[in-house]
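Here is a short report on one structure. Please look through the sequence and the model before reading on.

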Amino acid sequence: MADAQNHSMLCPKCRKLISSDEPACPYCGLVRPGRHGWLALLRRFSPDSLNCVKIIIYTNAAFFILSLFLTPSEMGLTANPMGLLAPSNLSLFTLGASGSIPIYQYGRWWTLITASFLHGGILHIFFNMFALSQLGSFVIEAFGANRFIIIYILTGVAGFYLSLIAGIPFTIGASASICGLIGAILYYGKSQGGFFGQAIYRQAIGWIVGLVIFGLLIPGINNWAHGGGVLAGILLGFLLGYQGRRAETALHRTLGLVILLVTFAVLSGALINAVLFVVF
């Protein structure tokens, strides 16, 4: 009995109890789930093993709080209602705001990633994180955790890159990535077809119409980033596929892990930048 317990483990992907000697998980098909070494360590940090939506929300909240405390004397209100309890532009620049000023004048290309984790006010972050909590879970169910990370991060990069081309000088927010999720859902609904697929497609169209109206009525909204996120989400949804048509492959898992690690490294660099700002 003791020997059997020693050879039991939780599958790193589906978390079902299996034997560590299995060549593949009988539940989810993960190849060699009991392999050891650095690959096993990396698996602990793979999108499959993490609650990606919660981690992204907590990371956004931590960066928002930090942005407020970096320059508390400059924190204040703006004419934009989304700027209630707004961090200073200096704090946002230090932590990785994107746009033509940070990138063209300072060469901070890494801000195409970090800008998605910064927000300009309490309402800004609240609405974005609420949308992420709703949409993220659906995209993970439809596409899988690895494809969710790929879509979320890369559509944010695409949205901010398009706004850079459009000449937006200074920009932040998770909405480009959230629009990327909407774009992926739009593709999923259209491709799925049937009553269920059409209902999802119509809902996604409704969100996009709402975004357009919101962007026209509220000042300071980066509509270029929104549009770039939606288009990139549709494209990635098409290129990556979804669970109903194609299960996640080794390429999806590798790309998801690489993007997650790169994002972690870039955000860590932003935190080091903030520490240096406080010290010096």
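**A bent helix**

The bend at a residue is the angle between two fitted axes, one through the seven residues ending there and one through the seven starting there. Helices are DSSP runs of H or I, at least four residues long, numbered from the N terminus. The model is predicted: local features need pLDDT of at least 70, side-chain atom pairs count only at pLDDT 80 or more, and totals for chains, interfaces and linings use all residues. Residues are numbered from 1 along each chain as its sequence is written, and side-chain values use heavy atoms, leaving out hydrogens and water.

H7 bends by about 25° at Leu135. Just after H7, Gly144 has a positive phi of about 100°.

**What H7 buries**

Leu135 is also one of the buried residues of H7. Others listed include His124, Asn128, Leu132 and Phe143. Buried means under 20% relative accessible area, exposed over 50% and partly exposed in between (1.4 Å probe, protein chains only). Cover comes from helices including H3, H8, H9, H10 and H11, where contact means heavy atoms within 4.5 Å.

**One salt bridge**

The whole structure has one salt bridge, meaning a side-chain nitrogen of Lys or Arg within 4 Å of a carboxyl oxygen of Asp or Glu. Arg147 pairs with Glu248, with the closest N and O atoms 3.9 Å apart. Arg147 lies in H8 and Glu248 in the loop between H11 and H12, so the pair ties together parts 101 residues apart in sequence. Arg147 is buried at 0% relative accessible area; Glu248 is buried at 8%.

Notes:
Helices (H or I, at least four residues) and strands (E, at least two) are DSSP runs, numbered from the N terminus.
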